[in-house]
Amino acid sequence: MSIFEPVEGTLVVVPSLSLPQDELRRITGVRSYEERLLFLLLTLREPGVRVIYLSSAPIDPDIIDYYFGFLPDPDDAAKRLTLITLDDPWSQPLTRTLLSRPDAMEQLRSAIDGDAWLVPFVLSELEEELASSLNVPLYGPATSLSYYGSKSGAREVGHEAGVPMPRGFGDLRTEVEIEEAMEGVPGERVIVKLNDGYSGLGNVIVDKSDRSLTRFSAAGETWASYIAKIQERGAVVEEYIEHRPLYYPSALACITPGGDARVLATHDQILGGDSGQVYQGCTFPAAEEYRSEVGASAGRIARALAERGVVGVFGMDFFALKADAGYAALLCEINLRIGGTTHPFGAAMLTTGAAYDPATGLLMSGNQPKFYTATDNCASVCLRGRTPGEIVRTAERLGVGFDPERRTGNVFHLLGAVPEHGKLGFTSIGNSREEADELHALTRRLYCGP
């Protein structure tokens, strides 16, 4: 079973942000990231599918209606959707609060009818406890396997799968180990990564000869506070790839409960922030020059993880650079969770009816390939105070909504972050790379300004 293509059964979607809270607090409108998985409402186009969606705060009805607008029978889909809110926007992680609320747990149990899967945003011991309490299987990697989603674990899996990686050292937990590793890695600069860093916020670029040039991805970080995190979570030290141009592709893969491992998509990541290490969005597919290399490496990693018993959707990040014999793809990290490229892929696939062709690395809707550009970070003070319904109606009026006949246009997400934070996400789908990029640029100008 794939969560993108269920034919029957119930998806119990628990978008709990069970991640380091100090890093989550740095993300503007982070609670609205619970809405990233709303693309799964589009699976209700299959009459045998039901969806139960949990949230810490009520979801604006206009947002639900927006997703129903993509479906052939919105009224029937509405009968097969159950929304359960804890009505507590400050409950983080959501799952912890849910487990402490007998009323919400009973409501959830009553809503589950027949075969079901619990789909977590991030799987932690809390989600395992919830699944056990509900007697529902998890669509995600067991916490006993979480090490393979750490930066150190990724290096171990990469070595086993025979995938090239930057030179470096893993499983480091003391300042002495960090210093020794930095001296053992070639180059004037190195990159240090927390084992469980999120969106690049756990990365630090260190200049060996001048520590005053150290660049932290997370605002307000100091070397003392960072070392304390290393001691708690562990870290890796790797060579800083100075090669230019350098590209940042990623791959999305899934492993079914039956052990079938497959690559779903490749992307080029859009990175930003002061250190240039923070995820901002993506384009699909990855560039043709290194797409097949990334896909092949991702396939080897997915098969290695399947042999370890991993289940679910996960991502892998790479570096791509030009070598003498063509382009090389180096494994950067494995993210054993639903990540930033999952919802753009799900939105594009489910709205266009496209299928991934592993031979070409393209999403094909019949004979027409589909391309997209996505962002989580369209922000403007002009958006604050506007409602999700206004955003959608403006898109239709300006001609940047979704065209069901051409199967192109924008699919919006993070709509719940607009009123308070003026932050919006969207996936711009086109029939060519140029069309997707032009639509994306136009939409950014319309909503976020120049």
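Reply: A disulfide here is a pair of cysteine sulfur atoms within 2.5 Å. The model is predicted, so local features need pLDDT of at least 70 and side-chain atom pairs pLDDT 80 or more, while totals for chains, interfaces and linings use all residues. Residues are numbered from 1 along each chain as its sequence is written, and side-chain values use heavy atoms, without hydrogens or water.

The structure holds one disulfide. Its partners are cysteine 378 and cysteine 448, with sulfur atoms 1.5 Å apart. Cysteine 378 sits in strand S17 (residues 368-379) and cysteine 448 in helix H14 (residues 433-448), so the bond ties together parts 70 residues apart in sequence. Helices (H or I, at least four residues) and strands (E, at least two) are DSSP runs, numbered from the N terminus. Both cysteine 378 and cysteine 448 are buried. Buried means under 20% relative accessible area, exposed over 50%, and partly exposed in between (1.4 Å probe, protein chains only).

Cysteine 254 is buried, at 0% relative accessibility. Its closest cysteine sulfur is in cysteine 282, 17 Å off, which is too far for a bond. Cysteine 332 is in no disulfide either. For cysteine 332, the nearest cysteine sulfur also belongs to cysteine 282, 16 Å away. Cysteine 332 has a relative accessible area of 13%, so it counts as buried.

One more buried site deserves a look. Serine 250 is found in strand S10 (residues 249-255). Its relative accessibility is 2%, so serine 250 is buried. Leaving aside neighbours within four places in sequence, serine 250 is in contact (heavy atoms within 4.5 Å) with residues including His267, Gln269, Asp317 and Phe318.

Next, the sheets. Two strands pair if DSSP finds at least two bridges between them. An open sheet of four strands runs in the order S3-S2-S1-S4, with parallel pairing. Strand S3 (81-85) and strand S4 (116-120) are its edges, each pairing on one side only. From one strand to the next, the twist averages 15°. Strand S2 (residues 48-55) joins S3 through five bridges. Across from leucine 54 stands isoleucine 84 in S3.

Another open sheet has five strands, ordered S5-S9-S6-S7-S8, and its pairing is antiparallel. Strand S5 (168-172) and strand S8 (215-216) form the edges. S5 and strand S9 (residues 235-239) share three bridges. Glycine 168 stands opposite glutamate 238 in S9. Axes are lines fitted to C-alpha atoms, for helices over the stretch in contact, and angles run from 0 to 180 degrees between N-to-C directions.

Last, a helix pair. Helix H7 (residues 151-161) packs on helix H10 (residues 288-307) at about 105°, with axes 9 Å apart. H7 and H10 are therefore roughly perpendicular; angles of 65 to 115 degrees count as such, under 35 as roughly parallel, over 145 as roughly antiparallel and the rest as oblique. Val157, Glu160 and Ala161 in H7 meet Arg300, Ile301, Ala304, Leu305 and Glu307 in H10. By class, that contact has five nonpolar, no polar and three charged residues. Nonpolar covers Ala, Val, Leu, Ile, Met, Phe, Trp, Tyr, Cys and Pro; charged covers Asp, Glu, Lys and Arg; the others, Gly among them, are polar.
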